[in-house]
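Please look at the sequence and the model below.

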Amino acid sequence: MSLSQIETDAAGVDATAVPVAPQPGMVGRSPGRLAWARLRANRTAMVSGWIMVFFIVLGLAAPLIELVYGISPFEQFQDKIANNSLPLGYFGGVSGEHWFGLEPQLGRDIFIRLVYGLRTSLFIATSAALLTTALGIVLGIVSGYLGGWIDGVISWVIDFALALPFLIFALAIMPTVTARFYGPRDEIPVPFRIGVMIFLFALFGWTGTARLVRGQVISLREREFVEAARASGAGLFHILFRQLLPNLWAPILVSFSLAVPGYITGEAALSFLGIGVVDPTPDFGVMINKSLSYAQTDPAYLIFPGVVIFLLVLAFNLFGDGLRDALDPKSSR
Amino acid sequence: MLRFLIKRLLLGALTMFAVSLVAFGMFFMLPRDAVATMCVKNCNPERLERVRVELGLKDPLVDQYTGYMKGIFVGRDLGSAQGGFCDAPCLGYSYTSSEEVSDIFARVLPVTLSIVIPAAVLWLGLGIGLGMVSALRRGTVFDRLAIGFSLTGASMQLYFVGGMLMIIFVYTLKILPVPHYTSLWDDPLDWASGLVLAWVALAFLFSAVYARLSRAQMLETLAEDFVRTARAKGLTKSRAYGRHALRAAITPIVTIAGLDIGGALGGTVITETTFGIQGLGRTAVEAVRLGDLPTIMATVLISAVFIVVANIVVDLLYAVIDPRVRLG
Amino acid sequence: MSEALLKVRGLTKHFAVRQGATGAKASVRAVDGLDFDVHAGETLGLVGESGCGKTTTGRMLVRLLEPTAGSIEFQGRDITTLGRRAMRPLRQDLQIIFQDPYSSLNPRHTVGKIVAMPLEVNGIKPAGGVKARVQELLELVGLNPEHYNRFPHEFSGGQRQRIGIARALALRPKLIVADEPVSALDVSIQAQVVNLLRELQRELDLAFVFIAHDLAIVRHFSRRVAVMYLGKVVEIGDRADIYERPRHPYTKALLSAVPDVTAFGEQRQRIRLTGDVPTPLNPPSGCRFRTRCWKAQDVCAAEEPPLIAREGSAQQVACHFPEAVGVTSEHVSEVAA
C-alpha cells in the first residue's frame with residue numbers, strides 16, 4: 001500500500017466518526033447498568049442483598065406468617081411458664097410449637113414477636129431514611145448550587161447539628177414533645193410515638209446526606225455541561241433536577257442504603273432506653289431491654305432478638321458497602 | 001496559631017450559645033404544662049399555679065433565659081420554695097429530688113468519665129492499630145480477620161454485646177463481678193474490674209469504625225509517591241511507614257474522632273443502662289422518665305460543652321498534625 | 001460590508017478576590033476593554049496565552065458570565081443586561097462549544113438527550129419530531145444517527161466533541177463561540193474537527209468566534225484574527241496581515257514560536273520572551289506588554305497605546321513602536337542574542 005493510498009483512506013474515512021463498537025445493538029450501556037453488572041458480580045453483596053430481601057418480605061408478610069404459625073404476638077402461654085416466671089423446657093422454651101421459645105413471665109411467643117418487631121423496625125427505619133434523604137437532597141443541592149449566604153447558613157446548621165449529641169437530644173426532645181400534645185396521664189398512642197421518632201431521625205439525620213450532596217454539587221456545577229445548559233437558556237429547575245440530579249443518584253443511593261441500618265440501630269436504641277416504642281408493641285429494643293434482667297437465668301431471651309437484629313443490620317451494611325463499590329469502583333478497597 | 005485558637009474558641013462559644021438557646025427553648029416553651037407534667041400528688045389548680053410562680057414560669061421568657069444563664073455563671077436566689085440560694089454553677093434544683101442539679105452531676109460525672117476515657121483509649125488504640133497492621137499485611141489471614149472483626153463490630157448493638165459479655169464473664173465463667181462503680185481513688189482494682197466489661201463493649205463497637213477507616217487511609221497513603229520515595233531513598237520500612245505514612249494517614253482519623261464524641265456520649269447512655277451503672281447517661285434516662293426538666297436541660301448543656309471542647313481540642317491537634325489547617 | 005452580527009464595545013470583566021492576611025478586596029482584571037465586531041458567516045480568531053482572558057471573553061459573549069462594563073450588541077440589540085427570559089430567543093442564535101469534551105457532556109444522559117437538551121429547554125418541537133431532528137444533527141456532524149441511545153462514555157474524545165457541536169447546532173444558531181474546541185484532542189483528530197467546523201460554516205452560514213492558543217489552527221480557520229495579551233486586544237486584523245505582516249511585538253513573538261514546516265532547513269530565529277506574564281491583579285501601567293518587550297521605552301509605561309490602524313498596514317495595533325512593515329529577522333536575532 002502506497003503512502004498516497006493511506007492519505008486518501010484517511011481523508012475518506014473520518015476516524016472520529018467511526019463508532020467504538022459498530023455492532024447493531026444501539027442501546028448504550030448506561031452507567032447504571034454497568035454498576036448493576038458490577039454488583040451482580042459481587043458475591044457478598046448479592047448474598048447480603050438476598051438476606052435483606054428475606055427480612056423485608058418477612059416483615060411485610062407478618063400477618064400472613066401469623067396466620068400460618070397460628071400464634072398471635074400478644075397471646076400469653078401462662079401454662080408453659082414455671083413458678084419462677086421462666087419458661088419451661090430447654091433454652092427459653094424452644095419447641096416445635098414455639099420456635100424461638102417464650103418470654104419469661106408473660107409467656108408470649110418470641111418468634112412471632114420478632115417477626116412483628118422486624119416490621120416495626122423496618123417501617124420506622126425506611127420512613128426515616130426516605131425522609132432524611134429527601135431533605136438532605138433538597139438542602140444539599142440548594143446549598144451547593146446557590147452558594148453565597150444560603151450555603152453559609154445551611155453549612156453552619158449542618159456543622160451545628162453534627163455537634164449535637166443525638167441520643168441525648170432525643171432523650172430530651174421525646175418527653176417535651178410528648179408533653180406538648182398529651183397530658184401527664186394520657187395514654188400516648190403508638191403512631192404518635194413512632195411519628196416523633198421518625199421526626200427526630202429526620203431532624204438530625206438530614207445533615208449527612210446534605211453534606212454529601214453539597215460536596216457533589218459543588219464539584220459538578222463547574223462542569224461544562226451545566227454551562228451548556230445555561231447557555232441554551234435553561235432555568236434553575238432544569239439545571240438542578242435534570243442536569244445535576246441524575247449525577248447524584250449514586251452517592252444518594254449509597255447513603256440511603258447505609259442510613260437504613262443506622263436507623264434500625266437508632267430505633268432499637270431509643271426503644272431500649274424506653275423513649276421509643278413501648279411494651280405491648282413488638283420491638284427489638286424493648287425486648288432486649290426486658291431480657292437483660294433475665295440475662296442470668298434465661299439467656300435465650302437475649303440471644304434470639306440480639307442475633308436477629310445483628311443479622312439484619314449486617315445484611316444492610318454489607319449490601320450498602322457492595323452498592324458503593326459497584327457505583328464507585330475507584331473507592332473499592 | 002494563636003489567631004486560629006481564638007477563632008476556634010469564639011466559634012465554640014457561639015455554638016454553645018446556640019445550643020443553650022435551643023435547649024432552653026425546647027424545655028421551657030415546648031411542654032404544654034411542665035408543672036402539671038411533673039406534679040405527682042396533690043395537684044389542685046391552686047397549688048399548680050403557686051408552683052408556676054415560684055419556678056418563675058410566669059416570667060417573660062427572656063428573663064427566664066437570662067436568669068438561668070446568670071445562675072450558671074454567678075449563682076442566683078431561687079426562693080425558699082426551691083431551696084434558697086443556689087451557688088454558681090447553678091443549674092437549678094431537680095424537680096424530683098430537690099437536690100441541686102450541679103450536685104447530682106458532681107456525683108455522676110466521675111462515673112461517666114471512668115467509663116468513657118479508658119474505653120476511648122482502648123478503642124482508638126485497638127482500632128487504629130488493627131487498621132494499620134492489617135493495611136501493612138494486606139491480604140493475609142490477619143487482614144481478613146481484622147476486616148471480619150470490623151464488619152461485625154459495625155453491625156453489633158451495644159446492649160446485645162453488653163448482655164452477652166455479662167452472660168459469659170459474670171454468670172457463666174464467674175470471673176468478673178456484676179458491673180458496678182467504685183471510685184478509682186478508693187480501690188483501683190475494684191474500679192477496673194467493675195467497669196472492664198463496659199470498656200470492652202464500647203471499644204468493640206467503636207474500634208470497628210476506626211479499624212476500617214485507618215486501614216483504608218493507610219492503604220491509600222502507602223500507594224502515594226512520597227512514601228515510595230521515602231522507601232526508595234533508603235529509609236527502612238518501619239521508618240518510612242512510621243514517620244511518613246502514619247502522619248498522613250492519621251489526619252482524617254482525628255477528624256472522625258472529633259465527630260464521634262457525640263456518638264460516644266450516646267454510647268455511655270446505653271452502656272450505663274445495660275450494665276446498671278449510675279452515671280450521667282442513666283441519670284438522664286431516669287430524669288426523662290420522671291419529667292425532671294432541670295436535670296434533662298443540664299444534661300444537654302453539659303454534653304454540648306463536652307462536644308464543643310473536644311472539637312476544639314481535635315481542631316488544635318489537627319493543626320499540629322497538618323500545618324496547612326492553621327492558615328485556613 | 002453589512003452591519004455587524006456581533007458588536008463588542010469596551011467589554012470588561014473584573015473578578016473580586018480577597019487577598020493577604022487582611023482579606024483586602026482586590027480585583028483581577030481578566031478582560032479590560034475589548035472592542036471587536038463579528039460579521040455574519042465570518043470567523044474571528046481570538047488568540048493569546050493561557051490566562052489572557054480569552055475564555056472569559058467567550059463566556060461573556062454567551063452571557064455565562066456577567067460583564068463588569070461594556071456592551072455586547074447582537075443582531076443590533078444590546079444583550080448585555082437582558083434577563084434570562086428576554087435572552088431566550090437570542091440564545092437560539094448564539095451558542096457555545098466547550099473545550100473539554102469530557103466535562104461538557106452530562107455522563108448520565110444519552111447522546112439523544114444531550115443533543116435534544118436545547119430544544120427541550122426552549123420548548124421547541126421540530127416538524128419531524130425531536131428524535132428525527134437529533135438524528136439529522138448527528139448525521140450532520142458525522143456521527144452514526146443510530147447512536148442516539150448511547151452514553152458519552154462510549155465515545156472517543158473526537159466523537160464527544162462532535163456531540164457537543166451537534167448540541168450547539170440544535171437551535172440553528174447564527175454565531176457560535178468555540179472555546180478552544182480542539183485543544184483537548186489528539187493532534188491527529190484536531191484537523192478533522194476543524195474541517196468539520198469549516199464545512200458546517202459553509203453549509204449553514206455560521207459565524208464563529210474561535211478561541212485558541214494554537215496559532216496554526218486559528219490560521220486555518222479564521223478570516224480575521226485578534227491577538228490578546230493580559231485582557232486586552234493588542235492587534236486585530238485580517239489573517240494575512242496578522243500572519244505575514246505582524247506589527248505588534250507580541251504577535252511577532254508568538255508567531256516566531258510556531259514551527260514552520262515550509263521553512264524547513266532555513267535558519268530561523270525564535271524570539272524568546274523573558275519573564276512571566278504579569279499578574280492581572282496588578283497589570284503594568286501604560287502598555288501591558290512593556291515588561292517583556294525589547295522595544296519598551298519610557299512612553300510605554302506612561303501612556304497606554306490605543307488600538308488603531310497605523311500607517312503602512314490595514315490591521316489595528318496597540319503599540320507605540322509598531323514593527324515596520326516587511327521587517328525581517330535582524331531585529332529578532334538582536335534580541336535573542
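In this predicted model, the side chains of A:Asp321 and B:Arg212 form a salt bridge, with N and O 2.8 Å apart. Between chain B and chain A the count is 1 salt bridge. Residue pairs in polar contact between chain B and chain A number 3, counting those with both residues at pLDDT 80 or more.

Several helices of chain B supply the side that touches chain A. Those giving two or more residues include helix 1 (2–29), helix 8 (188–222) and helix 13 (293–321) of chain B. Helix 1 of chain B gives the most, with 8 residues. By class, this side of chain B has 32 nonpolar, 12 polar and 6 charged residues. The contact as a whole takes 50 residues from chain B and 47 residues from chain A. About 4,100 Å² is buried between the two chains, and carbon and sulfur atoms give 75% of that area.

Over all chains, a search of the whole structure finds 25 salt bridges. B:Arg212 has a relative accessible area of 33% and is partly exposed.

Other salt bridges lie within a single chain. In chain C, C:Asp37 pairs with C:Arg9, and their closest N and O atoms are 3.0 Å apart. C:Asp37 is partly exposed, at a relative accessible area of 22%. C:Arg9 is also partly exposed, at 34%.

Another salt bridge in chain C is formed by C:Arg59 and C:Asp179, whose closest N and O atoms are 3.1 Å apart. Here a helix and a strand are involved: C:Arg59 lies in helix 1 (residues 54–61) of chain C and C:Asp179 in strand 7 (residues 175–179) of chain C, so the pair ties together parts that are 120 residues apart in sequence. C:Arg59 and C:Asp179 are both buried.

Chain A has a network of salt bridges, which links A:Arg108, A:Arg113, A:Asp279 and A:Lys290.

Terms used: Residues numbered from 1 in each chain as written. Chains lettered and ligands numbered in written order. Predicted model: local features only at pLDDT ≥ 70, side-chain atom pairs only at ≥ 80, totals over all residues. Heavy atoms only, no water. Contact = heavy atoms within 4.5 Å. Buried area = accessible area lost by both parts, 1.4 Å probe. Salt bridge = Lys/Arg side-chain N within 4 Å of Asp/Glu carboxyl O. Polar contact = N/O pair within 3.5 Å; in protein donor to acceptor, adjacent residues only side chain to side chain. Helix = DSSP H or I, 4+ residues; strand = E, 2+ residues; numbered from the N terminus. Nonpolar A, V, L, I, M, F, W, Y, C, P; charged D, E, K, R; others polar. Buried < 20%, exposed > 50% of the residue type's maximum accessible area, 1.4 Å probe, protein only.
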